[in-house]
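This report describes one protein model for a reader who has not seen it before. The sequence and structure come first, and the description follows.

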Amino acid sequence: MKVTINKEEKATVVVLTGRLDTPSAQEVSKAMEPVVADASGTIILDCSGLEYISSSGLRIFLTVRKAAAVQGGKVIVKGINSDIRNVFMMTGFLNLFEIEA
């Protein structure tokens, strides 16, 4: 699992590549700490390279969303594949996040 964080002028872009499963979730959570600490702007979770997400991965998405809500930011999830879209649909995450193609 690879996490790349790019601070751009109008947003923080987090590029997730690989499998966000239980073994990698702790590493990803640690990498996301600066994003959660400063979630007052727009955060884009770029999932175009994400192959799989487990419940542990979904928990990380919720943590980012909660931090953004408290700090006045917003979270956009983009580039999810059909498998991850199905997981989002079954768990209600499609209603929790702004999704971009």
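Contact here means heavy atoms within 4.5 Å. Leaving aside neighbours within four places in sequence, Ile43 is in contact with Thr12, Val14, Val35, Val64, Lys74, Val75 and Ile76. The model is predicted: local features need pLDDT of at least 70, side-chain atom pairs count only at pLDDT 80 or more, and totals for chains, interfaces and linings use all residues. Residues are numbered from 1 along each chain as its sequence is written, and side-chain values use heavy atoms, with hydrogens and water left out.

**The sheet**

Helices (H or I, at least four residues) and strands (E, at least two) are DSSP runs, numbered from the N terminus. Two strands pair if DSSP finds at least two bridges between them. Strands of a sheet pair through backbone hydrogen bonds, either parallel or antiparallel.

Five strands form an open sheet in the order S1-S2-S3-S4-S5, and the pairing is mixed. At the edges are strand S1 (2–7) and strand S5 (98–100), each of which pairs on one side only. From one strand to the next, the twist averages 20°; axes are lines fitted to C-alpha atoms, for helices over the stretch in contact, and angles run from 0 to 180 degrees between N-to-C directions.

Strand S2 (residues 11–20) and strand S3 (residues 42–53) run parallel and are joined by nine bridges. S3 and S4 also run parallel, with five bridges between them. Some facing residues are listed here.

| Residue | Residue facing it | Strand of the facing residue |
|---|---|---|
| Val14 | Leu45 | S3 |
| Arg19 | Tyr52 | S3 |
| Ile43 | Val75 | S4 |

**The helices**

Helix H1 (residues 22–31) lies across S1 and S2 and runs at about 170° to S2. Helix H3 (residues 55–71) packs on the sheet, where it touches S2, S3 and strand S4 (74–78), and its direction makes about 175° with that of S3. Together, S3, H3 and S4 make a right-handed β-α-β unit. A crossover is right-handed if, with the strands pointing away from the viewer, the path from the first strand over the helix to the second runs clockwise.

The expected span of a helix is 1.5 Å times one less than its number of residues. For the 17 residues of H3 this gives 24 Å, which agrees with the 24 Å between its end C-alpha atoms. Just after H3, Gly72 takes a positive phi of about 85°.

**Buried residues and the core**

Buried means under 20% relative accessible area, exposed over 50%, and partly exposed in between (1.4 Å probe, protein chains only). Ser56, found in helix H3, counts as buried because its relative accessibility is 12%. Apart from neighbours within four places in sequence, Ser56 is in contact with Thr22 and Ala25. Other buried residues of H3 include Leu58, Ile60, Phe61 and Val64.

A nonpolar core is a set of buried Ala, Val, Leu, Ile, Met, Phe, Trp, Tyr and Cys residues joined through side-chain atoms within 4.5 Å. The largest such core has 26 residues, and those with the most contacts inside it are Met32, Ile43, Leu45, Cys47, Phe61, Val77 and Phe88. Two or more residues each come from S2, H1, S3, H3, S4 and helix H4 (82–91). H3 gives the largest share, six residues.

Ile43 is found in strand S3 and counts as buried because its relative accessibility is 1%. Ile43 and Val14 are 29 residues apart in sequence and 7.4 Å apart in space, C-alpha to C-alpha.
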